[in-house]
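The structure comes first, and the description follows.

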Amino acid sequence: MEFTPALQPARLIQRYKRFLADVVTPQGETLTLHCPNTGAMTGCATPGDTVWYSTSSVATRKYPHTWELTQTRDGALICVNTLRANMVAKEALQAQRLPALAGYESLKSEVKYGAERSRIDFMLQASDKVNCYIEVKSVTLSEQDSGYFPDAVTARGQKHLRELMSVVEQGDRAVLLFAVLHSAITQVAPARHIDERYAELLSEAQRKGVEVLAWKASLSASEITLTSPLPVRL
């Protein structure tokens with residue numbers, strides 16, 4: 001996924017009201033950015049860090065600039081725009097770059113499914129295969145080079161795991177895909193210390209046949225691309 005034009009840098013002053021952040025550009029101009037991330041953003045929003053932002057051409061937007069990446073003081077790059085996880089996953093699926101998920105003929109997005117009235121991020125279909133349901137989760141919480149999900153208690157994430165288990169019970173294929181959008185992360189694990197119930201459900205889901213995959217992204221001011229698999233430690 002390319003950023004066109006390339007992202008611009010600024011220094012973070014503060015994030016506030018969940019969806020807003022103030023930054024200072026290298027030219028000394030103060031801007032208010034839209035922050036498309038409702039999570040805790042632990043380690044991703046430290047005042048003084050470098051922010052990389054995009055600018056919309058839509059003239060009616062109240063906040064035309066969007067916070068896309070954070071560059072920490074130790075040099076790690078993190079994608080904080082949660083919408084990007086699905087975008088880079090879709091691009092990788094369409095390009096058949098994820099071997100475990102290759103070989104399907106069609107891809108659908110936001111398909112309604114499940115007893116709890118959910119929408120799956122992606123459904124892959126082929127004439128010679130069962131349907132493959134894929135739920136994508138963005139991983140940005142890093143502790144000592146390990147990535148953790150979630151970064152806050154997530155009732156929605158728990159629901160998705162229950163729905164994926166039901167998919168397997170019905171005879172289809174279910175996949176949880178962690179899109180690792182943090183350059184310093186080398187492995188992924190459930191954040192048991194944050195949401196113990198989610199960690200328990202994830203272990204149960206894997207035992208019942210839900211596939212758990214993690215792919216790391218290459219991040220820069222010009223593009224984001226899923227490039228390499230990472231181990232998942234349950």
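## Pockets and a buried residue

The largest pocket of this predicted model has a lining of 31 residues, and those nearest its centre are Thr38, Thr82, Lys137, Phe149 and Arg156. The space in this pocket comes to about 790 Å³. Five elements each contribute at least two residues to its lining: the helices α1 (83-94) and α2 (155-169), and the strands β8 (118-126), β9 (129-139) and β11 (146-149). Of the elements, β9 gives the most, with 4 residues.

The second largest pocket is lined by 15 residues, with Gly43, Thr72, Ile78, Ser142 and His182 nearest its centre. Strand β10 (residues 141-143) gives the most to this lining, with 3 residues.

The last item is Glu68, which lies in strand β5 (residues 65-71). Is Glu68 buried or exposed? Glu68 counts as buried because its relative accessible area is 1%, and the cut-off for buried is under 20%. Leaving out residues up to four places away in sequence, Glu68 touches Phe3, Leu7, Trp52, Tyr53, Ser54, Ile78, Cys79, Val80, Asn81 and Arg84. One of these contacts, Ile78, is also among the residues nearest the centre of the second largest pocket.

Methods:
Residues numbered from 1 in each chain as written. Predicted model: local features only at pLDDT ≥ 70, side-chain atom pairs only at ≥ 80, totals over all residues. Heavy atoms only, no water. 1 Å grid on protein atoms, 1.4 Å probe; cavity = no way out; pocket = protein on both sides within 12 Å on 5 of 7 lines; lining within 4 Å. Points joined across faces, edges and corners; volume = space filled by probe spheres on them. Buried < 20%, exposed > 50% of the residue type's maximum accessible area, 1.4 Å probe, protein only. Contact = heavy atoms within 4.5 Å.
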